[in-house]
Amino acid sequence: MMKKKSISASKASLVFFLCQMISALDVPLDSKLLEELSQPPTITQQSPKDYIVDPRENIVIQCEAKGKPPPSFSWTRNGTHFDIDKDELVTMKPNSGTLVINIMNGGKAEAYEGVYQCTARNERGAAISNNIVIRPSRSPLWTKEKLEPNQVREGDSLVLHCRPPVGLPPPIIFWMDNAFQRLPQSERVSQGLNGDLYFSNVQPEDTREDYICYARFNHTQTIQQKQPISVKVFSMDSLNDTIAANLSDTDIYGAKPVTERPPILLTPTGTTSNKVELRGNVLLLECIAAGLPTPVIRWIKEGGELPANRTFFENFKKTLKIVDVSEADSGNYKCIARNILGSTHHVISVTVKAAPYWITAPRNLVLSPGEDGSLICRANGNPKPSISWLSNGVPIAIAPEDPSRKVDGDTIIFSAVQERSSAVYQCNASNEYGYLLANAFVNVLAEPPRILTPANKLYQVILDSPALIDCAYFGSPKPEIEWFKGVKGSILRGNEYVFHDNGTLEIPVAQKDSSGTYTCVARNELGKIQNEVQLEVKDPTLIIKQPEYKVIQRYGHVSFECIIKHDSTLIPTVIWLKDNDELPDDERFLVGKDNLTIMNVTDKDDGTYTCIVNTTLDSVSASAVLTVVARPNPPFDLELTGQLERSIELSWIPGDENNSPITSFVIEYEDGLHEPGVWHYQTEVPGSQTTVQLKLSPYVNYSFRVIAVNEIGRSQPSEPSEQYLTKSANPDENPSNVQGIGSEPDNLVITWESLKGFQSNGPGLQYKVSWRQKDVDDEWTSVVVANVSKYIVSGTPTFVPYEIKVQALNDLGYAPEPSEVIGHSGEDLPMVAPGNVQVHVINSTLAKVHWDPVPLKSVRGHLQGYKVYYWKVQSLSRRSKRHIEKKILTFRGNKTFGMLPGLEPYSSYKLNVRVVNGKGEGPASPDKVFKTPEGVPSSPSFLKITNPTLDSLTLEWGSPTHPNGILISYILKFQPINNTHELGPLVEIRIPANESSLILKNLNYSTRYKFYFNAQTSVGSGSQITEEAVTIMDEAMASRQVDIATQGWFIGLMCAVALLILILLIVCFIRRNKGGKYPVKEKEDAHADPEIQPMKEDDGTFGEYRLFSFVSSAPF
């Protein structure tokens, strides 16, 4: 009992010791440091454990190792020292342990078969390689054998054995014919895992004499061929013919016909078998069955599922393949062969064993003198492997003793090590299926601190990101690390810093004030060292204008922006990607400083575009999607179903919508019977619908096509559907727009719009035209006419109403009864002129005319209105020949009065009135004469001012072009204008009407005058004509003027006057634009003829105006 307690206490203290051990040193992978530090050997490269070599080539057995000092190498063969110096065919590569056995100089590979092991040794220890088994590959020839032909009855099973020679490694088997063509395989004929060719049942086509099995030895690159195997299949018919030829008629003969058989297994045999496979390998299970019909194979795992993602079926499901098997894949696997006659099965019990595999492989250990450590070697397998330790290649039990070392199963514990404790330890884990061998050294070093990070190294980081400042170090014992900021700064502590075990200082969130010099100090009991590094904190790179989502039509242009902001000391590079890949090598893609432009966009350009901005310190990106839209592709696969006499269902498959949803489908039809090549609109359905019920008309040979519509536009039409001819039927409708209008006084022209081809509903389209006089008790008169659109009824009374109807018919019958319309026979000219024509003169330019309406019967047609013809006969103020202009005013409807505008004053006029119908005008009423009173005259035809003197001007003028009455006088008004354009007092002179000139005297010299001149009748004054003129100056005055003009004060005055005039002109211009008038203009407007005013036309009083011209000799 005491012994058990002591053992338990011992284990507890061991666990406590392992937990308290100081962690081993990590040796940085610094090349300079590694060159300076002593290190035990480490195997870096070796040949595989099972090494099959080509006997025709030199044998190379690899063994490479590193260490300080460089290791030396030695070999054992079959457990004893292999002295390479005694074999001239064996050499070792310089500075290497790799052996080269020169077989090509007369040696034989078989002489060097065996188990080889390499040892690499220096003053710190020895490392060993795996046991390397060398075996030369073999590709023996096929043994000679006599093969009998295989004669098989149709439907029987057959196995052609390959039995290849045993090679190293095993050969790959395949079956071919004499032409080196692989034999076809199927569910019925297939090759097994052992290389045999299995026939579940033979067929006559299997007869051939060249079934050849080939074995390919990959290692030696050779192929061996078995002798051809002959197979002859006897069919039942040929077998019966052979038997009949050799037996008499009285014999009973006849082979049984081919009979179907239930499945039986050709391989494996029996109902159960066992299979052992190693962990990590590929498990292959096979079942091949005979039977007719050919059986189908199915696999299950009893009590579980086949592993997902690792299970595959090969050889037409006859082979079950599970990759990377584990212990969990152990179990019973059942294959079931089945055909219509039954089934059979076989159970394979699979056991998964495991060669040793690592759980924890031992790792190299670097310790300082006096430190503690351990090597752990843990492996697993099935069965569980045994663990054994070696020291420098020698079993630890017989290795030199080391007081600091203690072995406890899979662990070696080191306590207070010294430099002599350095060695290489080997852990061997083995079971019956293999072994693992691992080298791990214990290197005891005493080294002062070293800092491996270069001095004054510059670190640059982005604002608000972590800053990691390295202080890679080494020392034994492990140095302590301290950090300072600045040359004389205090030691860094606090939550704002993170101190990593490898010496790195981390500033989680670097700020601008984090920039500066940082000092790392490393110290142990053997010394102290420090190093300074620099930190700079940079502004982050930002994308301030990101690319945006774009929708663009095909063949358009699109541009993505990517505007950035960055630290001035960093140089950014901008890269554009499409769908996380490089931009296409296409000249349509234009990369600018801040944008990407794509010209002539195509469907392939659709995708995600990413702008990536890189600096040496950071990288930012932004993406946007480009959607290329276009008109949809045309629908396809049009199908007609549910054909009925008056309806059919059309369905289709939409084409690609090209990123713009289809909003609707337009269905069109073609009538191949009546209008081939012409497509008509049928209907439109929503874009979510791909079928439609269409209404049909009889006697139409329909074809349909579909057009897709989206926001971009319409697709091309689909291919036409198949044609569908509907049956004939009576017309459904009658002609439209039926009218009856006579073209002559004694006829009635009946017209209509003919039915379209598809409206005829059948062959032989005609029309039944019927008519009768309205309000007269007459029978209908009818006539059937061909497919026309007009019929003329002759011998009718003039302009009487008729009831008319037009009915469609075809070979199958009549359309429904048509509706009636009212028409009229032909019109004739009116017979009676309007009477009691009266004229009332309103003023000198306007008159009103009245007349009595004519009787409606005398119109003999549709009353359209009345026309008033009027013309000027002569002017009462003078007599002369003139060009007479006849004017016409039309008054619509049954109007009996109207206004005559635009008359000339003081003139004599004539007029007459006529009634108008659709045929033309009736007779004119007797001419009616009327006169207009005097009016104000027009302005004088001209005004000239001549012969200016110092105090007089001569005026000459012409009489008014239109006196509009008897002139009684002329009125002359004038007034002076000074240099500032101000008007002086106005003087008025009345001049007799028979005068044509006047000399004005007693005027001021060198003065400008403005003249206003007009004529007068008894009614009043006419419009004015104006002129300006200037009297001349004498020589003395001119001389004085010249003298004054040379004076400075006069020049200044004139400049001021000119400026004032400019201001006045601007003011006048503004007033005029606002409607202001000169005084003379106001006077002219005041005397405007009040009788010449715009007339209202909304009551039709003035009618429609027309002008006729002719020459008259009537005096004025």
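Analyst: The link of C162 and C213 is left-handed, with -65° about the S-S bond. This pair joins distant parts of the chain, 51 residues apart: C162 belongs to the loop between β13 (158–160) and β14 (172–176), while C213 sits in strand β17 (residues 208–217). The strands named here are DSSP runs of E of at least two residues, numbered from the N terminus, as are helices, which are runs of H or I of at least four residues.

The model is a predicted one, in which local features need pLDDT of at least 70 and side-chain atom pairs count only at pLDDT 80 or more, whereas totals for chains, interfaces and linings use all residues. Residues are numbered from 1 along each chain as its sequence is written, and side-chain values use heavy atoms, with hydrogens and water left out.

C162 counts as buried because its relative accessibility is 0%, and C213 counts as buried at 0% as well. Buried here means under 20% relative accessible area, exposed means over 50%, and partly exposed lies in between (1.4 Å probe, protein chains only).

The structure holds six disulfides. A disulfide is a covalent bond between the sulfur atoms of two cysteines. When the bonded cysteines of the protein are numbered in sequence order, the pairing reads 1-2, 3-4, 5-6, 7-8, 9-10, 11-12.

Another of these links joins C287 to C335, with an S to S distance of 1.8 Å. The torsion about its S-S bond is about -70°, so the disulfide of C287 and C335 is left-handed. It connects distant parts of the chain, 48 residues apart, with C287 in the loop between β22 (283–286) and β23 (288–292) and C335 in strand β27 (residues 331–339). C287 and C335 are both buried.

C377 and C427 form a further disulfide, their sulfur atoms being 1.7 Å apart. This link is also left-handed, because the torsion about the S-S bond of C377 and C427 is about -70°. Distant parts of the chain are again linked, 50 residues apart: C377 lies in the loop between β30 (373–376) and β31 (378–382), and C427 lies in strand β36 (residues 423–431). Both cysteines, C377 and C427, are buried. C1055, by contrast, counts as exposed because its relative accessibility is 51%.

Elsewhere, S969 lies in strand β81 (residues 969–977). S969 is buried, since its relative accessible area is 3%. Its side chain makes a polar contact with the side chain of R990 at 3.0 Å. Such a contact is a pair of N or O atoms within 3.5 Å; within protein, one must be able to donate a hydrogen and the other to accept it, and residues adjacent in sequence count only if both atoms are side-chain atoms. Leaving aside neighbours within four places in sequence, S969 is in contact (heavy atoms within 4.5 Å) with R990, I991, P992, A993, A1015 and Q1016.

Definitions and conventions:
A disulfide is a pair of cysteine sulfur atoms within 2.5 Å.
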